[in-house]
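Welcome! Please keep the view open as you read.

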Amino acid sequence: MSGPSLPEMLAGAPLTALGVAVIRARETERADRLYCDPWARVFVDAAEQAYLDPSAPRGAAETWSSMVQLADAMYDSRTLGVRLVDDGLLDAAASGRSQIVLLGAGLDTHAFRLRWPTPVRLFEIDLPRLFEFKEPVLESGRAESTCERHVIPADIADGTWAQALLDDGFDTETPTHWVDHAIMTLPTARARDAVAAITELSAPASRYGFPVMTGDSFARTLESVPGAKDLYRAMPGGDRGLGPDAPRWVESLGWTTTFHSFAELVADYPRKVPQKVSAGTMVATRTT
C-alpha cells in the first residue's frame, strides 16, 4: 500500500471503525455470539500488523494499545449495538425499505454477512482513506456480497456525499432506511446540514435513526482509558450532534419521531447491560 501508512490513514474518526472491528472480532469468537463477522478478524490482524510494525510512525503502537483498551471498555454495550443494527437492517428489508444507506459504514460487512429476506440495494458512505484499507482486505478474502452493494467514498462533513449518492443510482422515490454512524460525531451545524440533506433525499415512509445519550457518557469512557482522548485529536472540537432539541427540530423537517430506550431494545437478547434511562435511539419516519 503506497502513500501514507495505515496508522496515518486511520487517524481520527476512522479509528472508531477499527475499534468496532475489534469488538466484532471478539464477539464472533464467542460460543454464545450474537452475530458472526468472519471478516472482522481479518481487518484487525491486518491493522495490528501495520500499527506494531517497527517502521510504523512514532506512537503507532501506543495508539493501537489505547484503541484496544477503549474497545474493551465499550464492548458490552457496543456489541449489542451491532446486533441491533443487524436486526434493524433485516427488518427494514422485510418491511419494504429495500434501499439502505450506511452513513459512516466503517469496517462492518452487512453487505457480505447478512442473509436478506428480499433483494436489497445497500450504499456504503465513508471517507476515501477508510475504503482504501477496507476494499483490498475484502478482495483478498474473496468476500462475496449478498446484496447489491454500492461504495461511496465521500466525506459526510463536507456535504458532497448527497450528490455522490445520487450519481451512483440512489432513488429518491424509494423508501430508504438510513443508518447513522457518522452524523452524530459532526459539529452541530454540519450535522444538521446532513440531516437536512437526508430529508431532501427521503421518500415518505423512509426511516432515520440517531442515538440519544447523556452528553458526558462517551467522555467518561475516554477518561477511563489511558491515552484514549488522544485517539481523536484529529477531529474538530466543539458541540456535536443535532443538539438538545434534536427530536423537535427533526420533526419540523417533516418527520415523526419515537424514542426507544437501549434497555427496551436489548430486552430480548441473552445479555443485559445496565443503561441510563436517557440512553437509546430516536427513530424518525418521513411523513411529507
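This is a predicted model: local features need pLDDT of at least 70, side-chain atom pairs count only at pLDDT 80 or more; totals for chains, interfaces and linings use all residues.

**A tryptophan between two helices**

Trp39 sits in the loop that links α2 and α3.

- Is Trp39 buried or exposed? Its relative accessible area is 16%, and because buried means under 20%, Trp39 counts as buried.
- Setting aside neighbours within four places in sequence, Trp39 is in contact with Thr109, Phe112, Arg113, Leu138, Gly141 and Ala143.
- Thr28 lies 11 residues from Trp39 in sequence, and the two are 9.7 Å apart in space, C-alpha to C-alpha.

**Helix α2 against helix α3**

- Helix α2 covers residues 14-28 and helix α3 covers residues 40-52; their axes come within 8 Å and cross at roughly 125°.
- That angle makes α2 oblique to α3.
- The crossing of these two helices, α2 and α3, is left-handed.
- Which residues make the contact? From α2 come Leu15, Leu18, Ala21, Val22, Arg24 and Ala25, while α3 brings Ala40, Arg41, Val44, Ala47 and Tyr51.

**Helix α3 against helix α4**

- Helix α4 spans residues 60-94, and its axis comes within 7 Å of the axis of α3, the two crossing at roughly 140°.
- On the α3 side, Val44, Ala47, Glu48, Tyr51 and Leu52 take part, and they meet Ala60, Ala61, Thr63 and Trp64 of α4.
- How do the residues of the contact of α3 with α4 divide? There are seven nonpolar, one polar and one charged.
- Look out for Val44, Ala47 and Tyr51 of α3: they are among the residues that touch α2, and they are also among those that meet α4.

**The loop between α8 and β5**

- Ser206 is found in the loop between α8 (188-201) and β5 (207-212).
- With 0% relative accessibility, Ser206 counts as buried.
- Not counting residues up to four places away in sequence, Ser206 touches Arg97, Thr174, Pro175, Thr176, Trp178, Trp255, Ala284, Thr285 and Arg286.
- Ala205 has its place in the loop between α8 and β5 too, and at 39% relative accessibility Ala205 counts as partly exposed.
- The phi angle of Ala205 is near 80°, a positive value in a residue other than glycine.

**Another positive phi, at Arg142**

- Arg142 is placed in the loop between α6 (128-140) and β3 (148-153).
- Its phi is near 55°, again a positive value in a residue other than glycine.
- Is Arg142 buried or exposed? At 73% relative accessibility, Arg142 counts as exposed.

**The protein as a whole**

- How many helices and strands does the protein have? Its secondary structure comes to 11 helices and seven strands.
- The protein has 288 residues, of which 48% count as buried.
- Taking contacts between residues at least 6 apart in sequence, 75% join residues at least 24 apart.

Methods: Residues are numbered from 1 along each chain as its sequence is written. Side-chain values use heavy atoms; hydrogens and water are left out. Axes are lines fitted to C-alpha atoms, for helices over the stretch in contact, and angles run from 0 to 180 degrees between N-to-C directions. Helices (H or I, at least four residues) and strands (E, at least two) are DSSP runs, numbered from the N terminus. Angles under 35 degrees count as roughly parallel, over 145 as roughly antiparallel, 65 to 115 as roughly perpendicular and the rest as oblique. A crossing is left-handed if the near helix is turned anticlockwise from the far one by less than a right angle, and right-handed if clockwise. Contact means heavy atoms within 4.5 Å. Buried means under 20% relative accessible area, exposed over 50%, partly exposed in between (1.4 Å probe, protein chains only). Ala, Val, Leu, Ile, Met, Phe, Trp, Tyr, Cys and Pro count as nonpolar, Asp, Glu, Lys and Arg as charged, and the others, Gly among them, as polar.
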